[in-house]
Amino acid sequence: MQNENPIRDLQHIPTELLPLMNALCEVGTELARTIQRGPLGGALAASVGENLGGDTQKALDVMADDAFAEKLKTADVRWYASEEQDDVVELDPNGRFALAIDPLDGSSNIDVNVSIGTIFSIFDAKEDGNASFLRPASEQIGGGYIIYGPQTMLVVTFGKGTQEYLLDPDSKQFVLVEEAVKVPETSREFAINASNYRHWPKPIRAYIDDCLAGEDGPREGNFNMRWVASLVAETHRILTRGGVFLYPGDSRKGYERGRLRMIYECAPIGFVIEQAGGSATDAQDPILSKTADKLHARTPFVFGSKDKVSRVAAYHDLPEQEVNALFGNRGLFRA
Ligand SMILES: O=P(O)(O)OC[C@H]1O[C@](O)(COP(=O)(O)O)[C@@H](O)[C@@H]1O
Ligand SMILES: [Mg+2]
Ligand SMILES: [Mg+2]
């Protein structure tokens, strides 16, 4: 049964965005139930096609996209841009907002019962659908994600800090649990898909080499590594525990600009992280200063605790011989 008030605590949600946020939360609650029922290794994870980015679409990707597009028709949304659709779709010609969405993030984790999510970004609608999204990420008026994990949570910013809401399984309402999330500054964790090491650019290799060298290296301390392969799960860990996430561009065909999509993955996660006191870049420049040149554009992405993100950028400014040096001879950075 549908809840009249999908969100219980409304003080941080701009009034004009309430129909949109309610719609996202209603679908999110339904998706959480669907995921809990499964079967995760069966029907929900079955491959059903391919999207424009060349990713295999799972049944749950398509189910989630259909459900959000349908519910958002009556939520003041004019333009809808989804990972699962080639082009921008007009939902309501009178709608005031433009919403970009990764309906189901972390699809490769559906069958293994690991946290997955929905990522969304909100802009004021322009007359033109594409122009509503192909603009600086700093023009977002809202952004966030719903994580379907041991707990279902909504994490969102409207430019005044980052808030966290927990889906209460009894009342089926999202309840405010944290009004001002802060990325912890000290953490010795990094997250990267290390199987791509040989494809990375030299500054990224050098940064990771120095982390791996631990106490014996220039950082003079040991690090821990995590890779969930769900952007929402990595974001949630970094918001809770700090650290740094890297998905750089690399030399594989099609990965020159990394894997993650600017408009409905990196821009909203970058907004959430910056509003929580962290940093987000394309490895060098702030992600919020960037404008995608097409709807499904990819971008290298680095985010997390401020000092770690700026250190990654600094490795890109090192002279060639310093990047090439073995960690033992790269004396520039100290922990
Ligand atoms: O499999 P890889 O190359 O490590 O990539 C993992 C990344 O891909 C993603 O799953 C991409 O998102 P989708 O599942 O929405 O396509 C991210 O959540 C994750 O960070
Ligand atoms: Mg994704
Ligand atoms: Mg997805």
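Hi everyone. Let me start with the UniProt record: its unreviewed entry lists Asp105, Gly106, Ser107, Ser108 and Asn193 under "binding site". UniProt positions here follow the numbering used for this structure, feature names are shortened, and annotations may be inferred rather than shown by experiment. In the model, the lining of the largest pocket takes in Asp105, Gly106, Ser107, Ser108 and Asn193 from this set. A pocket, on a 1 Å grid over the protein atoms alone, is an open set of points where a 1.4 Å probe fits, with protein on both sides within 12 Å along at least five of seven lines, and lining residues have an atom within 4 Å of a point.

A word on the ground rules. This is a predicted model, where local features need pLDDT of at least 70 and side-chain atom pairs count only at pLDDT 80 or more, while totals for chains, interfaces and linings use all residues. Residues are numbered from 1 along each chain as its sequence is written, chains are lettered from A and ligands numbered from 1 in the order in which they are written, and side-chain values use heavy atoms, with hydrogens and water left out.

Back to that set. Glycine 106 sits in the loop between β5 and β6 (116–124), and serine 107 is in the loop between β5 and β6 too. Helices (H or I, at least four residues) and strands (E, at least two) are DSSP runs, numbered from the N terminus. Are these two buried or exposed? Glycine 106 is buried, at 10% relative accessible area, and serine 107 is buried at 16%. Buried means under 20% relative accessible area, exposed over 50%, and partly exposed in between, with a 1.4 Å probe and protein chains only. Leaving aside residues up to four places away in sequence, glycine 106 touches Ile116, Ala229 and Ser230, and serine 107 touches Lys58 and Asp61; contact means heavy atoms within 4.5 Å.

Now the metals. Which residues coordinate the magnesium ion (ligand 2)? They are Asp102 (OD), Asp105 (OD) and Glu265 (OE), at 1.9 to 2.1 Å, with the spacing D-x2-D-x159-E along the chain. Aspartate 102 lies in strand β5 (residues 97–105) and glutamate 265 in helix α5 (residues 262–275), so the pair ties together parts that are 163 residues apart in sequence. Donors are N, O and S atoms within 2.8 Å of the metal (3.2 Å for Na, K and Ca), and water is not among the atoms, so sites may look incomplete.

The magnesium ion (ligand 3) has Glu83 (OE), Asp102 (OD) and Leu104 (O) as its protein donors, 2.1 to 2.2 Å away. Aspartate 102 bridges this ion and the magnesium ion (ligand 2), and the two ions lie 3.7 Å apart. Aspartate 102 is buried, with a relative accessible area of 0%, and leucine 104 counts as buried at 1%.

Finally, a sheet. This open sheet of 5 strands has the order β12-β11-β13-β15-β14, with mixed pairing; two strands pair if DSSP finds at least two bridges between them. β12 (224–226) and β14 (279–281) stand at the edges with a single partner strand each, so one side of each is left without a neighbour in the sheet. β14 pairs with strand β15 (residues 301–304) in the antiparallel sense over 3 bridges, and alanine 280 has phenylalanine 303 in β15 as its bridge partner. Helix α5 packs on the sheet, touching β14 and β15.

Note on methods. Axes are lines fitted to C-alpha atoms, for helices over the stretch in contact, and angles run from 0 to 180 degrees between N-to-C directions.
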